[in-house]
Amino acid sequence: MEYDTKTALSSTSDKTSFAYISARDRWPVIITGAIDDVHKAVSEAKDEKHTEGKRIIEELATLKYELQHDRKLSLLPDDENADIEGYNTELEQLGIPSWFNVPWLYAECYLYRRMATVFALSTHWKSHDVFAKQKMSTFRSSRPAVIELASRYHELITQLEKIDTKDEAAEKILFMEMCEICLWGNATDLSLLTSLTYEDIQKLQGSEARKASEQNILINDLEAAYDVLKKARDEDKKERRVDIVLDNAGFELFVDLILAGFLIAAGLATNVVLHPKSIPWFVSDVVPADFAALLSALVDAQSFYSTPSDDEKNAGKTVEPLTKKEEDELSFLFQNWAQLHGEGQLTLRSNRFWTEGGSFWRLPSSAPSLHDDLKESEIVIFKGDLNYRKLTGDGMWDPTTPFTKAIGPLGPGSGINVLALRTCKADVVVGLKPGQDEELRAMEGGGGDSGQRKWAWSGKWAVVSFSPGH
């Protein structure tokens with residue numbers, strides 16, 4: 001905590017904030033979903049696994065009860081992972097608060113970490129991910145956008161392989177388009193889309209949605225990021241690494257891989273390092289198994305997309321099979337990404353730091369080896385809302401505060417070039433022009449005079465912020 005911003009933090013006690021609404025409304029729904037997932041798995045389990053599964057359900061139900069009745073957070077049981085001590089030390093430093101009077105960032109991280117301990121301390125459920133089925137189901141719902149981007153990617157990679165002389169103006173446009181696809185992929189954050197229909201999810205994806213959303217990027221520093229990568233290539237650096245601190249699985253991981261493949265094919269990077277979470281996290285965040293599941297879906301795309309789900313069967317719905325061209329496009333993706341992975345140009349690198357309870361202001365002190373490793377990267381791309389909150393310490397900054405200031409130790413002089421791709425789904429936002437927050441609040445649904453920054457809760461608006469750390 002001593003390394004954190006001294007700015008006041010977003011708290012669940014603030015009834016005008018999204019923190020309060022999250023604790024009151026979203027978290028119980030998420031825990032209920034986890035209970036339902038285990039309940040279904042328990043019905044198929046036998047003997048000791050069945051008995052242990054019932055105990056896990058009881059523990060999750062206890063967590064939900066404590067949350068809804070504003071009980072005090074309890075110390076996490078030791079599951080033999082080093083981060084437990086940090087969680088418990090911080091909880092004691094906070095004075096063992098209750099659920100509706102605690103810093104939002106810590107409380108939300110604690111919620112998922114506590115759920116993870118329940119499974120880590122089991123015998124038969126250690127590897128169970130209560131969110132896995134949801135993540136793949138949403139990826140399946142993204143079929144139209146997946147096919148569109150697969151075709152675009154195949155065409156693009158084929159063109160890039162034939163080009164000897166770079167058209168830098170066209171390349172910059174392509175880079176910005178790929179990054180914006182990556183940005184709006186976050187529109188399928190499962191921890192927020194708890195009630196959207198299949199049709200709603202489709203509307204959030206695809207080229208028309210991207211074009212309509214360009215005007216909603218409040219800050220766009222992509223040109224500065226492109227210039228950094230181009231300069232490294234012009235200098236003919238032997239290794240030009242880009243890191244992506246991942247956010248959501250499914251469709252968003254798919255678009256992250258689209259971006260990674262493009263960067264390598266264009267020579268803007270020689271290799272891309274992906275940073276997943278080590279445990280099931282914030283419902284939809286990527287764990288290593290999600291990468292494998294995505295590739296497996298592409299290997300047999302016809303079966304994945306054309307086999308009706310249980311809900312579709314029960315509703316009597318039929319599913320259109322993929323065309324031969326669609327199958328071929330998805331097969332190309334698998335072969336391309338599998339090759340990049342096999343040759344070491346596309347790698348996954350987990351680190352427990354990403355699921356600690358604090359902000360990224362603590363990176364230099366809490367994970368110095370990771371901090372040093374990230375300095376080797378040309379750019380570290382932080383995806384999504386949670387990573388943005390962690391970068392800025394989830395502080396209640398004045399919205400005109402420069403991004404470079406709000407990220408503290410990771411700002412200028414840190415040795416790390418930071419690029420945040422974030423659709424806004426929380427109160428904290430920095431880097432806006434004077435009066436811009438007030439204008440957004442004055443719009444319909446923006447919060448008005450309520451004291452709420454509602455415009456920043458929905459994912460409709462985005463910021464792309466760059467900080468030169470080298």
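Hi everyone, let's start inside: the buried residues of α18 are Gly384, Asp385, Leu386, Asn387, Tyr388, Arg389, Lys390 and Leu391. Buried here means under 20% relative accessible area, with exposed being over 50% and partly exposed in between, using a 1.4 Å probe and protein chains only. Helices are DSSP runs of H or I with at least four residues, strands are runs of E with at least two, and both are numbered from the N terminus.

A quick word on the model: it is predicted, so local features need pLDDT of at least 70 and side-chain atom pairs count only at pLDDT 80 or more, while totals for chains, interfaces and linings use all residues. Residues are numbered from 1 along each chain as its sequence is written, and side-chain values use heavy atoms, leaving out hydrogens and water.

Back to the helix. Eight of the eight residues of α18 are buried, so the helix is largely enclosed by the rest of the structure. What covers them? The cover includes α4 (104-120), β2, β5, α19 (403-406), β6 and β7, where contact means heavy atoms within 4.5 Å. Just after α18, Gly393 takes a positive phi of about 70 degrees.

Now the sheet. Seven strands form an open sheet with mixed pairing, in the order β1-β7-β6-β5-β2-β3-β4; two strands pair if DSSP finds at least two bridges between them. At the edges stand β1 (217-220) and β4 (346-348), each with a single partner strand, so one side of each is left without a neighbour in the sheet. Strands β6 (residues 418-423) and β7 (residues 462-467) run antiparallel and are joined by six bridges. Leu421, for instance, has Val464 in β7 as its bridge partner.

Let me finish with two residues in the segment before α1: Thr12 and Lys6. Are they buried or exposed? Thr12 is buried, with a relative accessible area of 0%, whereas Lys6 counts as exposed at 68% relative accessibility.

Thr12 touches, among others, Ala19, Tyr20, Trp27 and Trp104, not counting residues up to four places away in sequence. Its side chain also reaches the backbone oxygen of Trp99 at 2.8 Å. That is a polar contact, a pair of N or O atoms within 3.5 Å; within protein, one must be able to donate a hydrogen and the other to accept it, and residues adjacent in sequence count only if both atoms are side-chain atoms.

As for Lys6, a polar atom of its side chain lies 3.5 Å from the backbone oxygen of Glu2. Thanks, all!
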